Amino acid sequence: MSLDPAETKMQFLFHLRSRGVTDARVLTAMERTDRAGFVTGLFAAKAYDDMPLPISCGQTISQPSVVGLMTQALEVSDRDKVLEVGTGSGYQAAILSRLARRVYTVDRYKRLVGEARARFEALDLTNITALTGDGCFGLPEQAPFDRILVTAAAEDPPGPLLAQLRIGGIMVLPVGQSDAVQSLIRVRKGEDGYDYEELRPVRFVPLVEGLGQDG
Ligand code: SAH
């Protein structure tokens, strides 16, 4: 039996809460961001299922509960300038844009960046800048960032990203081998160094150096 859209959305929010996404600002941002607009063709019918789905360039849009937990762990305020590495469909960046002052998002595939830009424009999300580039090097010309979110797995937190985090800033990222279980970690940058916290096991596509084939 298929549910009407309002009911589908209510169940989606209920499910997010049951998975630990309890921050009201994060839930509201997710409620206002229709995931169906970030996937194409047949997959749109599965937009409200809590699973990753395929997007262009052999990449994936992350599982909504993981998007929610990562966003919550980032503790974003409306004064923050945020960098996301791994634009993908643009779904995560759209949610961040409703919580932050300014969002920069970078992907190594020009095609994904182009598709995401069109979605941001259609949704009138004017505080996001999407750029093609190798996010391993961050975005030095816009640094420092209050928050950095990486949505692809690195073996270790990339040095340039740590360097581009403001003192007092937070970075959330999956770390580990691409084919093994990875850990979501939260890094807080203090005056005297970094504080690392392991949050939960996750599975992400790998962070790959250099530009993608179409870029
Ligand atoms: N946040 C996305 C999902 C990301 S999937 C969403 O909401 O839909 C991971 C993305 O990271 C892929 O699009 C991949 O192309 C990108 N990526 C991998 N390595 C990268 C790198 N070095 N620099 C920038 N993007 C990278």
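Leaving aside its neighbours within four places in sequence, with which residues is Glu-155 in contact? Contact being defined by heavy atoms within 4.5 Å, the residues concerned are Val-175, Gly-176 and Gln-177. The structure is a predicted model, in which local features need pLDDT of at least 70 and side-chain atom pairs count only at pLDDT 80 or more, whereas totals for chains, interfaces and linings use all residues. Residues are numbered from 1 along each chain as its sequence is written, and side-chain values use heavy atoms, with hydrogens and water left out.

Glu-155 lies in the loop between strand 6 (145-150) and helix 6 (159-163), where helices (H or I, at least four residues) and strands (E, at least two) are DSSP runs numbered from the N terminus. With a relative accessible area of 54%, Glu-155 is exposed; the term exposed applies over 50%, buried under 20%, and partly exposed in between, as computed with a 1.4 Å probe on protein chains only. The C-alpha atoms of Glu-155 and Glu-84 are separated by 17 Å, and the two residues are 71 residues apart along the chain.

Strand 8 (residues 182-190) is mostly covered, 7 of its 9 residues being buried. Strands are taken to pair if DSSP finds at least two bridges between them, and strand 8 is joined in antiparallel fashion to strand 7 (residues 165-175) by 6 bridges and to strand 9 (residues 193-202), likewise antiparallel, by 9 bridges. Within these pairings, Ile-170 stands opposite Arg-188 in strand 8, while Ile-185 stands opposite Glu-198 in strand 9. A hairpin through 2 residues joins strand 8 to strand 9.

In the segment after strand 9, Val-208 is found, and this residue counts as partly exposed because its relative accessibility is 35%. Beyond its neighbours within four places in sequence, Val-208 is in contact with Arg-108, Asp-134 and Cys-136. Val-208 and Asp-134 are 74 residues apart in sequence, with a C-alpha to C-alpha separation of 8.2 Å in space.

In soluble globular proteins, nonpolar side chains tend to be buried together. A nonpolar core is here a set of buried Ala, Val, Leu, Ile, Met, Phe, Trp, Tyr and Cys residues joined through side-chain atoms within 4.5 Å. The largest such core has 45 residues, of which Met-30, Leu-74, Tyr-91, Phe-120 and Val-172 touch the most other members. Helix 1 (5-18), helix 2 (24-31), helix 3, helix 4, helix 5 (110-122), strand 5 (128-132) and strand 7 each supply at least two residues of this core, and its largest share, 6 residues, comes from helix 3. Not counting residues up to four places away in sequence, Met-30 touches Phe-12, Leu-16, Pro-64, Val-67, Gly-68, Tyr-91 and Ile-95. Another core, of 16 residues, lies apart from the largest one and includes Ile-148, Leu-162, Leu-165 and Val-175.

The lining of the largest pocket also draws on helix 3 (64-74), among other elements, and helix 3 gives the most to that lining, with 4 residues. A pocket is an open set of points on a 1 Å grid over the protein atoms alone, where a 1.4 Å probe fits, with protein on both sides within 12 Å along at least five of seven lines, and lining residues have an atom within 4 Å of a point. The largest pocket is lined by 39 residues, of which Thr-60, Thr-151, Ala-152, Phe-204 and Val-205 lie nearest its centre.
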